Amino acid sequence: MKLNKRSVAHYATNDSPADHTGFLRTWGGPGTPPTPSGAGRRCWFVLKGNLLFSFESRESRTPMSLVVLEGCTVELAEAPVPEEFAFAIRFDAPGVRPHLLAADGQVAQEAWVKALSRASFGYMRLVVRELESQLQDARRSLALHHCASQKAVAGCSKSQAPDRWTPGPENGHFLLRERNSVGTVEERGSRPVGRDVTEWELQGPASLLLSRGQSPVSPETSCFSTLHDWYGKEIMELRRGWQQRAKGSQPESK
C-alpha cells in the first residue's frame, strides 16, 4: 500500500473528530520501532476511521506509526510485564507480527478492543446489511398492519350497513327503509307517529307523492320537463305549507 506521508500526517493531526484516543503501552509491531526494554513504550494513540496513529506524546504533531485496521482481528493477549491489560492486533497475512498493546486498566482495555474491532470497513458493511434487513422487516410489518386495519374498517362498515338501511319492496320496486333508534322500520315518505309536520315534510324528495299512493317511478319520468313538473308540485306543496304556518294556521288536510 502506497500512502502520501504529508497527507496522512495532516489527516492524523487535523481538527476532524477522532473515534478513540488514549495512552497505550506498545511492544512493537508493524511500523512501530522496537522497544529496548521489556517494559514497553508508552505512546499516545489516535483512532480515526480504520487508521490507528501513534504519537510520542499528546502534543506531538508527527505520527510515529500507522496501522490500517483491515484484514485483522483484535483479541486479548498476555503482556511481557505482569498485571498489564494487554490486547493484540493480529493480521491474516503470513509473516506479519502482531501488534501488542496494553491499556492502563480493564475499562480502558475493553473500550479499546471494542473501538478497534468496529473500525474496519468489513464491520461497517455487516452493520449496513443488518440495518437494511431490519428496515425491510419493519416495512413489511407496517404494510401488514396497514392492510389488516383496512380490512377491519371495511368489515365493520359492512356489518353496520344492514342495521341502518334495509330494502323493502313497494309496488314492484325496492324502496329504502330506515331503522330508527327504537329498532322499528319507517318508510320514507310516510309520516311516522310522534313526528311533527315540519320534520315529516323535510324528508327525501317525492315523500308527499309516496304518501298519497303515487310513485315517482313511471314511464313519463324519462323526460326532464316531466320530472321538473313532478318535483315542482312537491316544492309548491312545501312552500304553501310554510306560508300557512307563517300566518299561524295549519295546512289543509286533503
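1. A salt bridge here is a side-chain nitrogen of Lys or Arg within 4 Å of a carboxyl oxygen of Asp or Glu. Searching the whole structure, which is a predicted model, turns up four salt bridges.

2. Let's begin with Arg42 and Asp104, whose side chains form a salt bridge at 3.0 Å, N to O. Arg42 belongs to strand E2, while Asp104 sits in the loop between strand E7 (99-103) and helix H2 (106-117), so this pair ties together parts that are 62 residues apart in sequence. Arg42 is partly exposed, at 39% relative accessible area, whereas Asp104 is exposed, at 55%.

3. Next come Arg90 and Glu75, a salt bridge in which the closest N and O atoms are 2.4 Å apart. Here strand E6 (residues 85-91) supplies Arg90 and strand E5 (residues 72-76) supplies Glu75, so the pair ties together parts that are 15 residues apart in sequence. Arg90 is partly exposed, with a relative accessible area of 34%, and Glu75 is also partly exposed, at 34%.

4. Helix H3 (residues 121-164) holds both Asp137 and Arg140, three residues apart, or about one turn of the helix. Their side chains meet in a salt bridge of 2.3 Å, N to O. Asp137 is partly exposed, at 38%, and Arg140 is partly exposed too, at 47%.

5. Leaving out residues up to four places away in sequence, the residues Lys48 touches include Ala12, Asn14, Pro17, Ala18 and Asp19.

6. Finally, the aromatic pairs: the count is two. In one of them, Phe23 and Trp44, the ring centres are 4.9 Å apart and the planes are at 70°, so the pair is edge-to-face. Phe23 is in strand E1 (residues 20-26) and Trp44 in strand E2 (residues 41-48), so the pair ties together parts that are 21 residues apart in sequence. Phe23 is partly exposed at 26% relative accessibility, while Trp44 is buried at 11%.

How values were computed:
Residues numbered from 1 in each chain as written. Predicted model: local features only at pLDDT ≥ 70, side-chain atom pairs only at ≥ 80, totals over all residues. Heavy atoms only, no water. Phe/Tyr/Trp six-rings, centres within 6.5 Å; stacked < 30°, edge-to-face > 60°. Helix = DSSP H or I, 4+ residues; strand = E, 2+ residues; numbered from the N terminus. Buried < 20%, exposed > 50% of the residue type's maximum accessible area, 1.4 Å probe, protein only. Contact = heavy atoms within 4.5 Å.
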